[in-house]
Amino acid sequence: MEGLRRIYECLHYLLDHRGGRLGHATSLGVEPGTWAESVGAVMMPAEERLWDLVFEWRLYGGYRLPPGLSVDTPPGRPLQVENLIRELSEGIFGECIAPHVLAEAHHVLHNLWCPPLAQEGVGVGLDAFSRASRRLDWIRVRDSRRVQELIEAYREDERVFRRGQQLVDIPLDAAEVAALRSAQDGLRRYVGARGTVVEVNPSSNLLIGNLLDLRNHPILRLFPPRAEAGAPPPVPIAVGADDPITFSTFLLREYSLLHEAARSAGYSEREVHEWLSTVRQTSMDARFTTPWHPSAERMTEDLLDALGAFTRRPLGHLGSRPSR
């Protein structure tokens with residue numbers, strides 16, 4: 001769930017409402033059931049688990065979510081999440097905190113960490129955070145006094161920090177897998193609708209992403225070579241080599257690995273060729289060395305703006321016509 005939460009935080013608080021590019025967002029495509037069977041259980045810091053649960057609670061209740069992001073709620077899961085939040089918050093903060101207060105704190109924290117409140121060139125320490133806090137309009141914050149106290153404890157209380165760093169065991173049972181599927185499906189639909197490009201790096205993903213083999217690479221679920229009925233909309237994909245020296249690779253090899261993975265998964269040579277051609281074009285459009293490739297909607301808006309500006313120009317700009 002942490003990987004999905006990090007993706008959500010980038011989409012909501014850092015990127016614009018459309019477009020953009022995400023690196024290493026493989027958790028969008030990993031099949032939750034297969035992943036859970038391969039790892040069995042995970043251990044993570046208590047505070048990260050708490051924010052994961054708060055994120056999940058926000059998804060189910062639609063708490064301050066961007067338009068277009070929604071998920072299906074697994075039966076009985078919201079109550080389970082609320083109980084886990086209350087239990088874990090008491091262990092970290094020394095008191096039971098209501099989910100809606102933590103949800104507001106999560107929202108405010110990321111507003112303080114991200115532009116426009118977090119200004120460039122002023123660092124990322126407590127001083128910069130305090131300056132951002134002073135720029136925040138606290139009147140717009142729900143339960144502002146309680147949220148301020150909570151954020152202050154989270155940022156400055158050593159006891160809270162130490163308790164938050166203690167490891168907790170997360171059993172990947174059926175309820176947890178269902179929650180992962182729900183969150184992943186909703187985020188995939190949201191990313192696809194936004195047109196946000198997800199960068200994949202096959203060699204890097206295989207070595208450090210806990211993939212069983214390339215046939216299980218998330219790209220085959222995020223952007224399958226053949227459309228599947230009932231599946232979420234495909235997510236635009238860009239291929240990169242990550243760190244070529246560290247992973248001893250180059251871009252052509254990465255495409256070759258994807259070709260091999262798709263063919264091993266049963267797709268035809270023609271399907272794979274057309275698929276990789278589309279991926280290559282998306283990769284070129286989304287590269288950092290040129291401006292973002294405009295969408296048809298954006299091009300239409302620019303054309304209408306230019307036409308409107310032209311029609312408002314005075315007739316004198318056409319010059320005088322020659323007399324007959």
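This is a predicted model: local features need pLDDT of at least 70, side-chain atom pairs count only at pLDDT 80 or more; totals for chains, interfaces and linings use all residues.
On the α1 side, the contact involves Arg5, Tyr8, Glu9, His12 and Tyr13, which meet His106, His107, His110 and Asn111 of α5. Sorted by class, the residues of this contact comprise two nonpolar, five polar and two charged.

A second pair is formed by helix α3 (residues 46-61) and helix α9 (residues 174-194), whose axes come within 11 Å and cross at roughly 60°. The helices α3 and α9 are therefore oblique to each other. Here α3 passes α9 in a left-handed crossing. The residues Arg49, Phe55, Glu56, Leu59 and Tyr60 of α3 meet Glu176, Ala179, Ser182, Ala183 and Leu187 of α9. This contact of α3 with α9 divides into six nonpolar residues, one polar and three charged.

The table sets out the two pairs.

| Helix pair | Crossing angle | Axis distance |
|---|---|---|
| α3 and α9 | roughly 60° | within 11 Å |

The cysteines form a separate topic. How many disulfides does a search of the whole structure find? The search finds zero. Cys10 has a relative accessibility of 29% and therefore counts as partly exposed. Cys96, at 41% relative accessibility, also counts as partly exposed, because this class lies between the limits of 20% and 50%.

Key
Residues are numbered from 1 along each chain as its sequence is written. Side-chain values use heavy atoms; hydrogens and water are left out. A disulfide is a pair of cysteine sulfur atoms within 2.5 Å. Buried means under 20% relative accessible area, exposed over 50%, partly exposed in between (1.4 Å probe, protein chains only). Axes are lines fitted to C-alpha atoms, for helices over the stretch in contact, and angles run from 0 to 180 degrees between N-to-C directions. Helices (H or I, at least four residues) and strands (E, at least two) are DSSP runs, numbered from the N terminus. Angles under 35 degrees count as roughly parallel, over 145 as roughly antiparallel, 65 to 115 as roughly perpendicular and the rest as oblique. A crossing is left-handed if the near helix is turned anticlockwise from the far one by less than a right angle, and right-handed if clockwise. Contact means heavy atoms within 4.5 Å. Ala, Val, Leu, Ile, Met, Phe, Trp, Tyr, Cys and Pro count as nonpolar, Asp, Glu, Lys and Arg as charged, and the others, Gly among them, as polar.
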